[in-house]
Amino acid sequence: MKHGSMSSIKHKLTLIIMTISITTLCLASGAIILNDLKNFRQDLSQDLDTLAAIIGTNSAAALTFDDPRDAHRVLTGLTAKKHIRAACIFRGDGTLFARYDGPGKGAEIPESYLGGNAHAITSNRIDLFRDIVLDGQKVGSVFIQSDLGEFHSKLKQYALILASVLSLAVLAAFLLTARLQKVITQPILDLARTARQVSEERDYSIRTSKQSEDEIGFLTDSFNRMLTQIQERDTALQTAHGKLGRQAAKLRKELRRRNRVEMALRESENRLRDLFDNAPDTYIILDPEGTIINFNRRGSQVLGYSFADVVNTSIFKLVADEDHDKVARALLRIRDFGEVPRSIEVRLIAKDRNTVWVSKEFSLLTNEEHILQSVRVICRDITDRKKLQEALERARRLEAAGRIAGQIAHDFNNLLGPLAAYPKLIRDDLPPDLPVVEMVDEMESAATKIAEINQQLLSLGRRGHYQTEPVDLNTVIESVLVAQKIQKKFNIEKNLAEDLFVIEGGSAQLTRAITNLVVNALEAMGKNGILKIATTNIYLENPLPGYAKVVPGEYGRLDISDNGCGIPPNILDKIFDPFFTTKRMDRMRGSGLGLSVVHGVVEDHKGYMTVDSEPGAGTTFSLFLPATRDLQVEVNDVLEEVSGGTETILIVDDDGVQRRVASQLLNRLGYRTHCVTSGEQAVDYVKNHPQHLVILDMVMEGIDGTETLKQIMRFAPSQKAILLSGFAMSKRVEEAMELGAGAFLSKPVSYTQLARVVREELDLPAMEVIR
Amino acid sequence: MKRILPLVLLALSNVSFAQSGTSVVTEYEIKAAFLYNFAKFVDWPTSAFQTDSTTIIIGILGDDPFGSILDEIVADTKVQNKRLQVKRFKQPGDLTFCHILYVSKSETKRLQWIQRKISGASTLTIGESSDFLERGGMIRLVNKRNKVRFEINPMAASKAGLRISSRLLKLAENLKNTLANGRVPQ
């Protein structure tokens, strides 16, 4: 209900009233005018008739006495009547007697007329004929022609009058309507305005005033009554709304509280789940029947099964066949006696069929009625322990065997003297063609073999009891190859490092070990094999396969590879055992002591040994022997090539040897050095003692090299730095380089290289360093 | 009357009697029609119809110039709803009352006597002599431009109690101009 449509009611009303007024007026005046015109025409006809009668009467005598002049005079009297175009008088015999032509032209006068009253009206004239009667006798006729000019001018006049009357009437009607329509529209407009106000302001207390006792008054009353009702309801609604609002607020508060509780619960659950998932051990929850109902993430990582793989399957799917009984017994005890068994050590089979040793701790979860709900099994991965155990056992085994063998060999050695020496003497005394000579030869051969085996046994038994000296592995290798006279018979690829670190050890022992490996390789390959021998320098930081840990440091590495038949995985862990051999026990084959001797020698040198074998593709034995660096010799070389300086240098390394070696070298070059063992210490030190250069080991306990540099650069943004690492370029190294580290050297570091890089970095303009 | 009717109508036509060659309408035929027609424009007092209210008497005194024409004209016709009757008188002594009296040329010398004879009676006197009006006559027939015209002495008629229609008066040759100038004769 907008104002526009209300005013349109006003307009409509005005329009209606105006239409009615105009229509009525038009009809009325039309009727009057039509009637008037009709009358006018009748009057005109009658006037003409009368005129004709007068003329007739006045000209009757003229006719009777044949006096046309008089008749003409009579007709001339018509001059006063402007509308008479023409008139004439005919004699009784129809001939023209007298004629009159009025003003204007176009009068058509008949030539003759025989009588009879008639008149003809056309659009612009009236023709009238009238007989002239004298004393009951027709004596002639009068003809009068009148134009309708008067009629037309009257029409025009009427039109003008009608138009002006209509205009005035319309104006009057409009003005009247404008005032009078308010009687009807004003109450409606008031009502509408009130309704609009109510709907816009939502104020139901507004009332519209009653202005009349008609239908609109009734409407106003009804509207006001309706407003009253609405107001009452509105009030009720507001009250209810208020109540609801308060309740909603209460509910919202409650909802928030519950949300908080729920969130706390969820957090708690997440924390627990997190703990559960990230626990260092595998957690398995079983129902009393042994079906898995839950399984943590650690379990997935250890065993390779996803949660979905194992949930709702039996625990026995995971347990190695050998240990089924153990687990079954434990579950039985839990189920039938409610006892918690002591931890048991069982093997689990991972998805990739690897065996994982675990110790299982059981705990029971019961409900309020103390009825068993589920069994929690914590499986601690003890594979490493088991392996260490095995390694230890093997070492003990080897050591014991070696000791026994050594003692026996010692005794044998004394007893073997005659057996080795006498066959030669006996043969010398015998004629050569006697059959017994062959036997003596065989005895001599066997004695030689025994002596050989005895030597091996002696090596085992004499472990740790020999003098050490600096040994060049390359030299040892060359001598072995010469001694075995194999270089012409086999394809050998040598790749020996020229600057190989010197090893501190027993050359005889090393010669024997290398000989054993070379002989083994050749035997594994046959004639067409390729023997590869390589030596390199290496810095070890991480454990090697088969070792729990290694001593970090510099090592000389020796790899001997064949492309022979390889070693089956199932015997890989037995190959170092004494007397274990794959070679059949005939007189030409091994004693089962070769690799045991190698193993013993490596251990005696505090070195490490790994085997990498692929059945059908070949085997590589790698020996890692700790290097001993002859500083004097090297530094002298360095000093010849590289210039030093007097700048301050901080050496950060958790390896004592590295720190010592580097600081000694740099001191000899004239630098002032300081050593710290961790990144944190380095940051503290540089804060108080600004350094020209920092040499950072990348891998350290605590913060690594990159983080150390980052922290140092917070207060010393133009700090120069050099990175060292046992690993090749890594993402962390790249980050450090981007921060501004000048160079990256991979361990083991050549001193010449180190000295040169240090000088180059110090010589760079500081601005270049700031990125 | 049937033979006469064309004559009556002819009298109303524009044809002058003297020149007419083909249809011979004589002067007295026209004048007879005049006598007849005058009756239509004259009102007699009621006393004139006391003896016979249904008849208008036309008297001819002296020689009758009309012959039978006048009788033919008036036969079977009515004027002012009255029949017409023609009476002929040889001399003034024979005179009896008539509504219209034609005084023939032969009686011109005895006009005085005639006047005396009819004085007091409402008789319309019609003559042709040049001094007919001066000697008390009422209507004088004249020939003018080959046409029969008349002059009227309204005073004489009025004295006799006759009322002559103005329509007739304005046709009178001696009154035309006066009436045309708007003056009413009387």
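Strand β13(A) runs antiparallel to strand β17 (residues 618–628) of chain A, and two bridges join them. Here strands are DSSP runs of E with at least two residues, helices are runs of H or I with at least four, and both are numbered from the N terminus. Two strands count as paired if DSSP finds at least two bridges between them. Within this pairing, I503(A) stands opposite A627(A) of β17(A). Strand β11 (residues 469–471) of chain A is also antiparallel to β13(A), this time through three bridges, and E469(A) has G505(A) as its bridge partner.

Before going on, keep in mind that this is a predicted model: local features need pLDDT of at least 70, side-chain atom pairs count only at pLDDT 80 or more, and totals for chains, interfaces and linings use all residues. Residues are numbered from 1 along each chain as its sequence is written, while chains are lettered from A and ligands numbered from 1 in the order in which they are written.

Back to β13(A), residues 502–505: I503(A) and G505(A) sit on its covered face, V502(A) and E504(A) on the uncovered one. As a rule, side chains in a regular strand alternate between the two faces of the sheet.

Further along chain A, five strands make an open, parallel sheet in the order β19-β18-β20-β21-β22. Its edges are β19 (672–676) and β22 (743–746) of chain A, each with a single partner strand, so one side of each has no neighbour in the sheet. From one strand to the next, the twist averages 20° (axes are lines fitted to C-alpha atoms, for helices over the stretch in contact, and angles run from 0 to 180 degrees between N-to-C directions). Zoom in on β21 (residues 720–725) of chain A, and you'll find it paired with β22(A) in the parallel sense over four bridges. There, L723(A) stands opposite F744(A) of β22(A).

Now for a helix. In α2 (residues 68–76) of chain A, the buried residues are D70(A), A71(A), V74(A) and L75(A). A residue is buried if 20 or more other C-beta atoms lie within 10 Å of its own, exposed if 12 or fewer, and partly exposed in between, with C-beta atoms placed from the backbone. Look down the axis of α2(A): the buried residues fall within an arc of 145°, so they line one face of the helix (the arc is that of the directions from the helix axis to the C-beta atoms). On the face turned away from that buried side are the exposed residues R69(A) and T76(A).

What about the nonpolar cores? A nonpolar core is a set of buried Ala, Val, Leu, Ile, Met, Phe, Trp, Tyr and Cys residues joined through C-beta atoms within 7 Å. The largest has 81 residues, and A87(A), L35(B), F38(B), I100(B) and I126(B) have the most contacts inside it. Helix α1 (residues 3–64) of chain A gives the largest share, eight residues. Apart from this core lies another, of 37 residues, including I477(A) and A627(A).

Finally, the two chains touch: 15 residues of chain B are in contact with 17 residues of chain A, contact being C-beta atoms, placed from the backbone, within 7 Å. On chain B's side, α1 (5–12) and α6 (166–169) of chain B are the elements that give two or more residues, and α1(B) gives the most, with three.
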